[in-house]
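Here's a quick tour for anyone meeting this structure for the first time. Have a look at it below, and then we'll walk through a few spots.

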Amino acid sequence: MVEVTVTPQSSLADRPVQVQVRGLAPSQLVTLRASLTDEHGECFQSRAFFHADGAGEVDPGRHAALGGSYAGVWPMGLFWFLQPDTLFRRLVKRDVAGSPFLVRLEVFDGLRLVTGPQDQPLASCEAQRWYVGPGVQRVPIREGRVRGALFLPP
């Protein structure tokens with residue numbers, strides 16, 4: 001049974017996570033895809049192609065991506081190389097304190113440049129990427145022409 005995991009499942013957006021796929025056939029060619037929908041409904045995706053190792057595992061922190069959104073060993077590549085489906089859109093988090101970005105990680109059999117609704121992943125999981133830590137207080141600042149926010153630690 002194929003399984004994809006992200007550890008830790010919930011973390012701050014600037015903290016590294018470890019993505020692992022287990023249960024593949026040795027040397028199996030797979031596509032790992034990360035996707036998220038921002039607060040405006042825009043979809044962002046990245047993908048990378050891998051050959052599983054002899055144990056049937058893929059770890060982007062140890063195994064080089066053969067292509068896709070990036071090539072080589074990039075432990076956080078699936079998160080760093082997210083691109084918008086609509087050109088010229090930027091990934092911006094407006095509600096930094098209220099909710100995380102939910103990043104869906106999926107593994108597909110073979111090389112998938114495009115995935116449609118008929119394509120079923122072998123496995124999937126979801127990662128929460130928070131922009132404000134627990135207990136941090138956000139204080140809006142409005143003084144003259146200055147606008148901003150002060151983030152106070154717990």
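Which strand gives the largest share of the nonpolar patch?

## The nonpolar patch

That's strand β11 (residues 146-152), with three residues; strands here are DSSP runs of E, at least two residues long, numbered from the N terminus. This is a predicted model, where local features need pLDDT of at least 70, side-chain atom pairs count only at pLDDT 80 or more, and totals for chains, interfaces and linings use all residues. Residues are numbered from 1 along each chain as its sequence is written, and side-chain values use heavy atoms, leaving out hydrogens and water.

Leu150 sits in strand β11 and counts as partly exposed because its relative accessibility is 38% (buried is under 20% relative accessible area, exposed over 50%, partly exposed in between, with a 1.4 Å probe and protein chains only).

## Aromatic pairs

There are four aromatic pairs; rings of Phe, Tyr and Trp (its six-membered ring) pair if their centres lie within 6.5 Å, with planes under 30 degrees apart counted as stacked, over 60 as edge-to-face and the rest as tilted. Trp74 and Trp80 have ring centres 6.0 Å apart and planes at 85°, so they're edge-to-face. Trp74 is partly exposed at 34%, while Trp80 is exposed at 55%.

Phe101 and Tyr131 are edge-to-face too, because their centres are 5.8 Å apart and their planes at 80°. Phe101 lies in strand β8 and Tyr131 in the loop between β9 and β10, so this pair ties together parts 30 residues apart in sequence. Phe101 is buried at 4% relative accessible area, whereas Tyr131 is partly exposed at 40%.

Terms used: Helices (H or I, at least four residues) and strands (E, at least two) are DSSP runs, numbered from the N terminus.
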